[in-house]
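This report describes how two protein chains meet in a model. The sequence and structure are shown first.

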Number of protein chains: 2
Amino acid sequence: MTIDYDVQVFPRVSLQCGRELHDCTLAFKTYGELNARRDNAILFPTWFAGNHTHNEWLIGPDKALNPSRYFIVCPNLLGNGLSASPSNTTGRFPPVTICDNVRLQHQLLTQRLGIERLQLAVGTSMGAIQTFHWGALYPEMVARIAPICGAARCARHTSVFIEGVRAALTADAGFEDGWFHAHPERGLRAMARVYAGWGFSQAFFRAELDRTALGFSSLEEHIVRFWEEAFRSQDANNLLTMLWTWQNADISANDVFNGDYAAALATISAKAVVMPSQTDLYFPPEDSALEVQHMPNATLQVIPSVWGHFAGGLGVNPADVTFIDARLRELLSLD
Amino acid sequence: MTIDYDVQVFPRVSLQCGRELHDCTLAFKTYGELNARRDNAILFPTWFAGNHTHNEWLIGPDKALNPSRYFIVCPNLLGNGLSASPSNTTGRFPPVTICDNVRLQHQLLTQRLGIERLQLAVGTSMGAIQTFHWGALYPEMVARIAPICGAARCARHTSVFIEGVRAALTADAGFEDGWFHAHPERGLRAMARVYAGWGFSQAFFRAELDRTALGFSSLEEHIVRFWEEAFRSQDANNLLTMLWTWQNADISANDVFNGDYAAALATISAKAVVMPSQTDLYFPPEDSALEVQHMPNATLQVIPSVWGHFAGGLGVNPADVTFIDARLRELLSLD
């Protein structure tokens, strides 16, 4: 399968870790056209282990994110294999932060695409983390944000969950000196099986939606065809890069906020609709509620779903898509 | 450390899988004395990857489980390294079920210890699973059951969680042909790190109780000293045996109930107090509530705790111990 997208090359990018990326590529896909006033842009960054095609369930002529009305820009996360990543870069890839990603996206919008104002920054999961950062780092530029199934920083429990995912992957014998030198089939399958417990909820499996809604004949088939298929062909070093980015995500871990988490959230002047899933096991709604308390123009809209994190993922449950799309429509209608 | 316990040897044990165990050992520890009327016995089986010493937080002169009043028998789970296990048995160890365990325990009580009546069967986690089985398989023998942070069968979500734990362990290169031929340090550490995300709750880590209550200086120290220490010295084949037992647990998967789950629960005539933890990630209280609906003499008492599964584990949180002990005291006072 060929994936169609554009690439912007940045000759020299300074990272938060102190290292530089040379000829750093940022892969992005646009949907719709920028209007003459350049005021119809929406940013929609990607999530963990995905690319812009995994955003397309929320984009369409019948959706709030309508390409005939908006110019929708989907930048790919560093490390995802399309943007600069271990898999396409010589030498050991440096650790990159969400802040690094967002600053690069800002250059893409302002320098290449001529965009000075965003109607909306929307994203799910790691994409949602990026929208929080956009709201805090470029408050004058972002009119609205809609973080779906995400957070402004990696919660402590989420960090432990990620540690388990990483441990399963790196239990593979091919992991040496902090790097995979060959494709770790066993580790990737193990990681997929660990992830399988976290992506949906207890209630999802109690209701047997893996069978009745997703159509798998058994739990084993669900794990193999949904989870192993998602991970087994990925580049393992890319996955480690993205896991690091996620685990170290913190809206205030930069020279703007210097660790003041509450101040960073308070800076988000954008109208915000924060949408956790009621049953998300690693972005629980309680964390979102605490974040909204610090944000001046935010409302909490909990997705009433048993689909766990996947209430915000891939459009697998039509009722969740309807809920999210309706909230985005309301948000975009606000002046 | 030497662990003191008794052993009963069964020359020939027929298992549900059709195989037999020869000279099968059942390790057990007793606390207190059986009275002359032989009517003061309590059964308290062990949990996953533990032994009878891990039950002692709930036993004591100041506790409902008072050895000066009751004769408390703690049989060790097959596969735990004290009872018959891969680590002390020649050849490939067969798959053993909870039903196999409970039937063996029944022989221990009736044939060796001369016990025909139990005041109580109590247990946590896999121990709780055994108490449900006791209530259904020997209803005339069990006056009361108190399953804590457990269930009558392995829920579908729990099965997926266990699959992730097993996958992390067996990602180790030492796992071949369904067996570990050497001690898999890497796999055991990976398994521990996966488990770390499940044992406590999101709210536990949000409140930083790993630091303030357990005294660890960082998440990494918590993972290494609590979780890796718990698993890294275990026999990996023993762990696989116990994981299989857990994943295949079902109160009705036997020739008494032939898969009729509701009938098995309805057979539990014992007075029952079912105690899930409010925040348990793999034995969620919703499952317990459904079970209680099928049980004629059961009440649901949700432990109001953010300690997740460990509300019922090792006595790590004094408030949870107080709650559980008070419910056991009430239960034992009922005629």
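How much area do chain A and chain B bury between them? The model is a predicted one, in which local features need pLDDT of at least 70, side-chain atom pairs count only at pLDDT 80 or more, and totals for chains, interfaces and linings use all residues. Residues are numbered from 1 along each chain as its sequence is written, chains are lettered from A in the order in which they are written, and side-chain values use heavy atoms, without hydrogens or water.

Chain A and chain B bury about 3,100 Å² between them, 64% of it on carbon and sulfur atoms; buried area is the accessible area (1.4 Å probe) lost on putting two parts together, summed over both. The interface is summarised below.

| Item | Value |
|---|---|
| Contact residues (heavy atoms within 4.5 Å) | 33 residues from chain A and 33 residues from chain B |
| Salt bridges (side-chain nitrogen of Lys or Arg within 4 Å of a carboxyl oxygen of Asp or Glu) | six |

One salt bridge joins Glu163(A) to Arg193(B), whose closest N and O atoms are 2.9 Å apart. On the side of chain A that touches chain B, the elements giving two or more residues include helix H3 (156–170) and helix H4 (185–199) of chain A; helices are DSSP runs (H or I, at least four residues) numbered from the N terminus. H3(A) gives the most, with nine residues.
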